[in-house]
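Here is a friendly briefing to read alongside your viewer. Please have the model open as you go through the points.

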Amino acid sequence: MTNQAMDHFKSQVLLILNEIPAGECIAYGELAKLAGFPGYARQVGRLMKILPKDTKLPWHRVINSQRRISFAENTDAYLRQKAKLEQEGWTIVGNKLTVNELFNR
C-alpha cells in the first residue's frame with residue numbers, strides 16, 4: 001500500500017470509528033469494510049494498537065468477529081478496554097461481550 005493509500009485508509013477508519021455510538025461495538029473486519037478496505041481487519045487492529053493512550057477516539061468499541069476483546073486477559077490493555085466497555089453497559093464474561101444492559105432494558 002502506498003503512503004497515500006495508507007493515509008486514506010487511516011483517515012477513513014478513524015472517521016468511521018469516531019461515529020460509533022456509545023453502547024455499540026464493531027468488528028475489525030466490519031470497520032475495514034465500511035472504510036472501503038474489505039480484508040484489512042489486521043491493519044485496523046494495528047491502527048488501533050498505535051493510537052495514543054489518551055486518544056478521545058472510541059477504540060474500545062472495536063472487537064473481534066467472535067465478539068471478544070482481542071487482548072490477552074488481564075493485561076493492561078485488556079483491563080482498560082474491559083473497563084471502558086463495562087462503563088457503556090456491556091457484560092463481559094472472560095473476554096466475550098455478552099449483553100449490553102443499557103440497551104436491553
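Predicted model: local features only at pLDDT ≥ 70, side-chain atom pairs only at ≥ 80, totals over all residues.

Residues are numbered from 1 along each chain as its sequence is written, and side-chain values use heavy atoms, with hydrogens and water left out.

**Helix α1**
- Helix α1 (residues 3-18) has 16 residues and reaches 22 Å from its first C-alpha to its last, close to the 22 Å expected at 1.5 Å a residue (1.5 Å times one less than the number of residues).
- Helices are DSSP runs of H or I with at least four residues, and strands are runs of E with at least two, numbered from the N terminus.
- Its buried residues (under 20% relative accessible area, 1.4 Å probe, protein chains only) are Phe9, Val13, Ile16 and Leu17.
- These residues cover an arc of only 105 degrees around the axis, so they sit on the same side of α1; the arc is taken from the directions from the helix axis to the C-beta atoms.
- On the face turned away from that buried side, α1 carries Asn3, Gln4 and Leu15, which are exposed (over 50%).
- The cover over the buried residues of α1 includes α2 (28-34), α3 and β2.

**His60**
- His60 lies in the loop between α3 (41-49) and β2 (62-63).
- His60 is buried, with a relative accessible area of 8%.
- Not counting residues up to four places away in sequence, His60 touches Gln81, Lys84, Leu85 and Glu88 (heavy atoms within 4.5 Å).
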